[in-house]
Amino acid sequence: MPRFYCPPPLPLSGSFDLPPDAAHHAARVLRLREGDAVEIFDGSGNECQGVIAEIGGRRVVVGKITAVNTNRESPLQVMLAQALSSSEKMDWVIQKATELGVAEFQPLDTERSVARLTAERAAKRIEHWQQVAVAACEQCGRNLLPKLHAPLDIMAWLQQTRALPAMKLILLPEGAASLHDQVKPQDKVMLLGGAEGGFTQAESDAALHCGFIPIRMGARVLRTETAAIAGLAALQTLWGDFS
């Protein structure tokens with residue numbers, strides 16, 4: 001069933017005009033017709049089902065709307081703190097992390113980050129990443145959008161995490177610990193992944209000083225985008241909704 005993101009407030013009954021982007025996608029891309037069943041969600045946890053009641057010009061009306069109580073969120077609350085990488089890799093990580101149930105996404109500016117964002121570019125990237133997450137939620141069935149934070153310098157962010165209650169994990173090829181050795185977290189998990197060139201010694205030392213556990217993901221050195229997604233999948237298998 002086609003799914004469309006509609007910013008709140010979402011109607012829980014009656015009829016509703018799809019927003020312009022969703023209407024264009026329904027009519028011009030998917031070529032839906034009157035009577036076709038659809039789902040709409042607001043990114044805050046609400047979902048409704050309905051049918052296409054009218055298509056004309058740029059207008060698409062969904063009628064016979066009924067609220068659906070569906071929870072597809074993982075019980076494991078994970079923040080992925082990912083060093084900025086090239087635009088294609090960041091898009092891929094955000095897309096797959098959303099599908100894997102990540103609750104929060106924190107982009108980090110590290111010394112070896114390929115991408116460097118000015119304030120203006122950062123605002124545009126956040127807007128773009130939001131759309132990537134929306135499309136991923138439409139595809140995977142999530143009704144809750146992950147929270148996207150503005151990019152921060154890694155050292156400043158690490159200082160912010162010092163007093164926060166969470167299991168803190170940093171992905172390092174030379175890490176001495178394994179996820180299997182860890183006790184099931186009682187609070188949320190912070191998973192920290194590096195850039196294409198990895199973390200500098202100062203960055204990894206600072207993370208360890210702030211309570212992060214150095215985790216290795218097997219004997220092979222993984223690319224930045226592979227490490228983040230492999231780490232999320234492993235967390236969901238151990239303590240989330242994969243088990």
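1. Start with helix 3 (119-140), which gives the largest share of the lining of the second largest pocket, 4 residues. Helices here are DSSP runs of H or I with at least four residues, numbered from the N terminus. Helix 1 (20-29) and helix 3 each supply at least two residues of that lining.

2. A word on the model: it is predicted, with local features needing pLDDT of at least 70 and side-chain atom pairs counting only at pLDDT 80 or more, while totals for chains, interfaces and linings use all residues. Residues are numbered from 1 along each chain as its sequence is written, and side-chain values use heavy atoms, leaving out hydrogens and water.

3. To find the second largest pocket, look for Tyr 5, Pro 7, Pro 19, Asp 21, Ala 22, His 25, Gln 131, Val 134, Ala 135 and Glu 138, which line it. A pocket is an open set of points on a 1 Å grid over the protein atoms alone, where a 1.4 Å probe fits, with protein on both sides within 12 Å along at least five of seven lines; lining residues have an atom within 4 Å of a point. The second largest pocket holds about 260 Å³.

4. Now turn to the largest pocket, with a volume of about 400 Å³ (the space filled by probe spheres set on the points, which are joined across faces, edges and corners). Its lining has 26 residues, with Leu 171, Pro 173, Gly 198, Val 221 and Leu 222 nearest the centre. Helix 5 (201-209) and helix 6 (224-239) are the elements giving two or more residues to this lining, and helix 6 gives the most, 3 residues.
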